[in-house]
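Hi,

Here is the structure I promised to pass on.

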Amino acid sequence: MQLLHYSYPMPTIQRLSRSKICIYAADHLPPHFHIVANDGREMLVEIATLATLAGTIGKSAKTEALAWAEANQDTLYEKWMELNNE
């Protein structure tokens, strides 16, 4: 799998035991976040639906990250808007 590369900073929103949740500044629509697994694999997830947009990660990392994201969707959306409004 090709890693996803961007030229803007990607603040870590939350560190989990198997991954971290990040959001790039100046990123594309739809509002989404990145799950970066401890093994380096990455997955993009739409905030509103928690649907996978691109990439794959291990099942346990994905389960943990999506559980956190579901409980924190409002926070993720607010942070995405903060980082992506010019």
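A search through the whole structure turns up two salt bridges, a salt bridge being a side-chain nitrogen of Lys or Arg within 4 Å of a carboxyl oxygen of Asp or Glu. Before the details, please keep in mind that this is a predicted model, in which local features need pLDDT of at least 70, side-chain atom pairs count only at pLDDT 80 or more, and totals for chains, interfaces and linings use all residues. Residues are numbered from 1 along each chain as its sequence is written, and side-chain values use heavy atoms, with hydrogens and water left out.

One of the salt bridges links the side chains of R41 and D39, at 2.9 Å from N to O. R41 has 34% relative accessibility, so it counts as partly exposed. On the cut-offs: buried means under 20% relative accessible area, exposed means over 50%, and partly exposed is in between (1.4 Å probe, protein chains only).

The side chains of E82 and K79 also meet in a salt bridge, at 3.3 Å from N to O. E82 and K79 sit three residues apart in helix 2, about one turn of the helix. E82 is exposed, with a relative accessible area of 54%, while K79 is partly exposed at 28%. As background, side chains of opposite charge can pair when their charged atoms come close.

**The layout**

The chain has two helices and five strands, and from the N terminus they run β-β-β-β-β-α-α. Helices (H or I, at least four residues) and strands (E, at least two) are DSSP runs, numbered from the N terminus.

The five strands form an open sheet in the order 1-2-3-4-5, with antiparallel pairing; two strands pair if DSSP finds at least two bridges between them. Strand 1 (12–15) and strand 5 are the edge strands, each pairing on one side only. From one strand to the next, the twist averages 20 degrees (axes are lines fitted to C-alpha atoms, for helices over the stretch in contact, and angles run from 0 to 180 degrees between N-to-C directions).

Going across the sheet:

- Strand 1 and strand 2 (residues 19–22) run antiparallel and are joined by three bridges. Q14 has I21 in strand 2 as its bridge partner, and a hairpin of three residues connects the two strands.
- Strand 2 pairs with strand 3 in the antiparallel sense over four bridges, and C22 has H34 in strand 3 as its bridge partner.
- Strand 3 (residues 32–37) pairs with strand 4 in the antiparallel sense over five bridges. I35 stands opposite M43, and V36 has E42 as its bridge partner. Their hairpin has four residues between the strands, and G40 there takes a positive phi near 95 degrees.
- Strand 4 pairs with strand 5 (residues 52–55) in the antiparallel sense over three bridges, with L44 opposite A54. This hairpin has five residues between the strands, and L50 takes a positive phi near 60 degrees.

**What is inside**

Which part of the sheet is mostly covered? Strand 4 (residues 42–46) is: four of its five residues are buried. Over the chain, buried residues make up 36% of the 86 residues.

The largest nonpolar core has 18 residues, and I21, F33, I35, V45 and L76 have the most contacts inside it. Such a core is a set of buried Ala, Val, Leu, Ile, Met, Phe, Trp, Tyr and Cys residues joined through side-chain atoms within 4.5 Å. Strand 3, strand 4, helix 1 (59–71) and helix 2 (73–84) each supply at least two residues of this core. Helix 1 gives the largest share, five residues.

Leaving aside its neighbours within four places in sequence, L76 is in contact (heavy atoms within 4.5 Å) with I13, I21, I23, F33, I47, W68 and A69. Among the chain's contacts with a separation of 6 or more, 37% are between residues 24 or more positions apart.

Finally, the surface: the chain exposes about 5100 Å², and carbon and sulfur atoms supply 51% of it (Shrake-Rupley method with a 1.4 Å probe; for residues, only the protein chains shown count as cover).

Cheers
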